[in-house]
Structure formats: structure tokens, C-alpha cells
Amino acid sequence: MTERRIRQLLERTPVDADAEERGWEVVRAAFAEREPIRRRPRLRLALAVAVAGAAVVAAALSPPGRAVVDAVRRSIGIEHAQPALFRLPAPGRLLVSGAGGSWVVAADGSKRRLGDYAQASWSPHGLYVVAATANELAALAPDGRIHWTLARPQIRLPRWGGAHLDTRIAYLTSGRLHVVAGDGTGDAGVEGLPAAARVAPVWNPAGGAQHLLAYVTNGGRVIVLDADRGSVQWISPAYAHPSALAWSQNGRQLVLATAARVVLFDARTGRERTLPVTGVRAIAFAPDGRLALLRPHAVLLRVHGRLRTLFVPPGGNAAGLAWSPDGRWLLTGLPAADEWVFLQTRGGRRILAVSHIVAQFGGFPSLDGWMPGA
């Protein structure tokens with residue numbers, strides 16, 4: 001049987017999503033139970049470490065040292081990665097943000113820096129961007145033109161939703177949930193509800209004229225409310241250690257990721273069922289309803305109720321998820337390898353990697369969304 005045939009069979013085989021984590025636990029336990037080898041103490045250990053550290057830094061700054069660093073990155077990244085982002089593998093525009101500011105990346109690979117914003121997200125149809133510094137919220141065009149700004153303390157996780165001509169922006173300040181109109185008017189904190197956890201709120205993409213918003217409380221409950229009326233639709237039971245919240249494109253399903261499980265809610269009634277998948281740190285719906293889940297050591301894909309492993313990062317610890325607008329590609333990042341990895345999920349099984357992300361964006365950015373082209 002050929003290697004290609006074996007790989008195809010493995011990809012089609014459903015996996016126990018927790019088997020990988022159990023394997024890691026076995027390895028950790030074996031390591032913890034090993035008999036340590038006693039070493040003779042060495043003199044002037046602190047001085048030796050300092051000298052060695054200085055030597056490493058000096059070597060890293062030299063051409064041979066940089067070559068060693070690049071070799072290490074290749075060992076924990078994807079082989080044959082492109083040295084720069086020449087183009088996206090699918091049409092659309094990618095929004096990213098971080099220490100180097102917020103950027104819009106066009107399909108041809110061209111980049112435009114929007115400003116010194118550490119957080120950003122698209123408006124519902126990709127016509128605008130909402131971005132934030134620690135104390136300022138701003139609405140911008142994708143070419144960087146500022147439409148309005150709003151000064152507020154400790155702004156976190158702005159998210160834009162609503163219909164084409166009637167939109168709302170939700171954001172957090174010190175645990176308090178705020179909602180402001182898309183034109184910057186009517187900003188107000190949501191009264192009478194529990195404080196919000198540090199999880200991005202989400203809008204119902206199919207809500208139409210009704211602005212339905214979901215957020216996670218400090219107590220781990222999901223609350224769905226009508227943002228215009230302030231009325232609560234439903235409140236979930238409490239779940240410990242929530243990490244991410246996502247709403248399906250058709251508006252029918254809401255998903256909460258926690259340390260111990262993934263919870264699937266009927267978005268209309270709040271009725272829930274759980275997936276026994278642990279350690280999920282990010283979730284993202286494809287336009288056709290497939291669900292991507294990011295764990296410390298794997299990217300999983302849920303299709304028609306079945307989970308399979310889509311990608312295992314060579315060095316572990318992938319970060320972020322973003323679907324292409326056509327649903328054919330899923331993007332994740334490998335910060336330790338300084339790479340982005342594009343995973344083909346339809347029409348093939350290609351993996352395309354791009355290196356030197358930090359140099360291109362002034363830091364390793366978060367993935368804030370991939371929208372259709374203008």
C-alpha cells in the first residue's frame with residue numbers, strides 16, 4: 001500500500017479528539033517518573049549562564065547565527081515555506097492586528113497599514129474596519145481613512161455586526177459590555193446584565209434588522225440579547241474557563257469553547273449539547289457551516305457531526321483561525337516558527353506556508369478575518 005493511500009485512509013478515519021491529549025499525558029507521566037541523573041555541581045553557574053547567553057545573542061546577530069535561528073524555525077515549522085507573503089491562496093482581503101498595528105492584506109499580497117491599533121474586526125460586508133487602541137475606538141475605511149473615533153478607557157475586543165445599512169459595534173471596557181451604532185452615535189453600556197468575560201462578543205450574522213448579540217459573562221454563562229431593546233433571549237448554564245464564542249453564518253448555531261468541552265447551542269432556544277473536546281482555544285465557522293477548532297497540538301474540522309484532524313503543527317501551539325471567503329482555505333499561525341500556514345480543506349489537501357511574518361507586520365499578528373474583495 002502506498003504512502004499516499006495510507007494518508008488518504010487516515011484522513012477519512014474519524015478520530016477521538018481527546019486521544020491526542022491522552023497521549024501527551026502519557027508522555028508527561030513517563031517523563032515525570034523517570035529516574036533523574038545526578039550531576040556534579042558546577043562552580044560559578046550563574047556566570048557561566050550569563051556568558052553563554054551573551055555568546056548566543058552575539059551569534060544570533062551574526063550571519064551564521066541568523067542561519068542557525070532560521071534552521072531552528074524550519075525544524076518547528078513547515079518545510080519549503082515561502083520567504084514572504086506573495087499572494088493569498090484565495091480571493092478576498094485579510095485583516096490582521098497586533099504589536100505592529102492593524103493591516104489589510106489584499107489578494108495579490110499587497111499590504112496597507114491602518115495605524116497603531118492592536119485590535120480590529122471587519123464590518124459585516126467588509127466595507128469598513130473597527131479598530132482599537134487601549135483607549136480609543138475608531139471606524140476606518142480599508143484604505144485607512146478614519147470616519148470617526150470614540151475615546152473610552154481600556155477598550156477590548158470590538159466586533160461589528162448588523163444589516164448593511166443599520167449596523168452596531170459591541171466592545172468591552174473593564175468587563176462592561178458596550179454597544180454603539182455603526183456611525184459612532186448612541187454609545188452606551190449595557191445595563192442590568194452581568195460583567196463580561198474576556199471573550200469576544202459575537203453578532204448573529206443572519207439577524208437582519210434584529211441586532212442579536214451574544215456574550216460570555218464572568219461566571220461563564222452565555223447571554224443572548226436584543227441589543228436595541230435590551231431584552232434577554234436566553235441565558236445558558238455556567239461553564240468554567242470559557243475561551244471563545246462563535247455564531248454560524250446561517251444564524252442557527254452558537255458555539256462556546258471552554259477548557260473542558262465545546263458546547264453547541266441552538267441559537268433560538270439556547271438548548272445545548274456538548275462535544276467532549278478539551279483545550280480548544282479558538283473556533284471559526286466556514287461559510288458553509290463547517291466548524292474549525294484549534295487545540296494546543298492540532299487543528300480539528302467538524303463536518304456533518306464528525307471530527308477529524310486537519311493539521312498537526314510540527315512544533316505545536318498554533319494560534320488563530322481565519323476562513324477564506326470561499327471556504328476552501330483555513331489560515332492558522334505558528335508563532336514559534338514565525339509562519340502562517342494555509343490549509344486547503346476542499347479541492348485538495350495542500351499546505352502552503354509563509355515565513356518571516358514578524359518582519360512583514362512588525363510583530364506576529366492575530367487573525368481578525370478574511371472578507372471578500374471590494
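The legends below describe a whole-chain view and several close-ups of a predicted model. Local features are limited to pLDDT of at least 70 and side-chain atom pairs to pLDDT 80 or more, whereas totals for chains, interfaces and linings use all residues. Residues are numbered from 1 along each chain as its sequence is written, and side-chain values use heavy atoms, with hydrogens and water left out.

**View 1**
Helices (H or I, at least four residues) and strands (E, at least two) are DSSP runs, numbered from the N terminus. Of the 374 residues in the chain, 45% are buried; buried means under 20% relative accessible area, exposed over 50%, and partly exposed in between (1.4 Å probe, protein chains only). The chain exposes about 19,300 Å², of which carbon and sulfur atoms supply 55%. These areas come from the Shrake-Rupley method with a 1.4 Å probe, and for residues only the protein chains shown count as cover. Among contacts (heavy atoms within 4.5 Å) between residues at least 6 apart in sequence, 42% join residues at least 24 apart.

**View 2. The hairpin of strand 2 and strand 3.**
Strand 2 (residues 101-105) and strand 3 (residues 111-115) pair in the antiparallel sense over 4 bridges; two strands pair if DSSP finds at least two bridges between them. Trp103 stands opposite Arg113 in strand 3. There are 5 residues between the two strands, and Gly109 in the turn has a positive phi of about 90°.

**View 3. Strand 6 and its antiparallel partners, strand 5 and strand 7.**
In strand 6 (residues 136-140), 4 of the 5 residues are buried, so this strand is largely enclosed by the rest of the structure. Strand 5 (residues 129-132) is joined to strand 6 by 4 bridges, with Val130 opposite Ala139. The hairpin formed by strand 5 and strand 6 has 3 residues between its strands. Strand 6 is also joined to strand 7, by 5 bridges; here Glu136 has Ala151 as its bridge partner. Strand 6 and strand 7 form a hairpin too, with 5 residues between them. Gly144, in the turn of that hairpin, has a positive phi of about 100°.

**View 4. The loop between strand 7 and strand 8, with Gln154.**
Gln154 has a positive phi of about 55° although it is not a glycine. Most residues other than glycine have a negative phi. Gln154 is partly exposed, with a relative accessible area of 43%.

**View 5. An open sheet of 4 strands in the order 8-9-10-11.**
The pairing in this sheet is antiparallel. Strand 8 and strand 11 (188-189) stand at the edges, each with a single partner strand, so one side of each has no neighbour in the sheet. Strand 8 is joined to strand 9 (residues 167-173) by 6 bridges. Within this pair, Arg156 stands opposite Leu172 in strand 9.

**View 6. The loop between strand 22 and strand 23, with His304.**
His304 is found between strand 22 (298-303) and strand 23 (306-311). Its phi is near 50°, a positive value in a residue other than glycine. His304 is exposed, with a relative accessible area of 81%.
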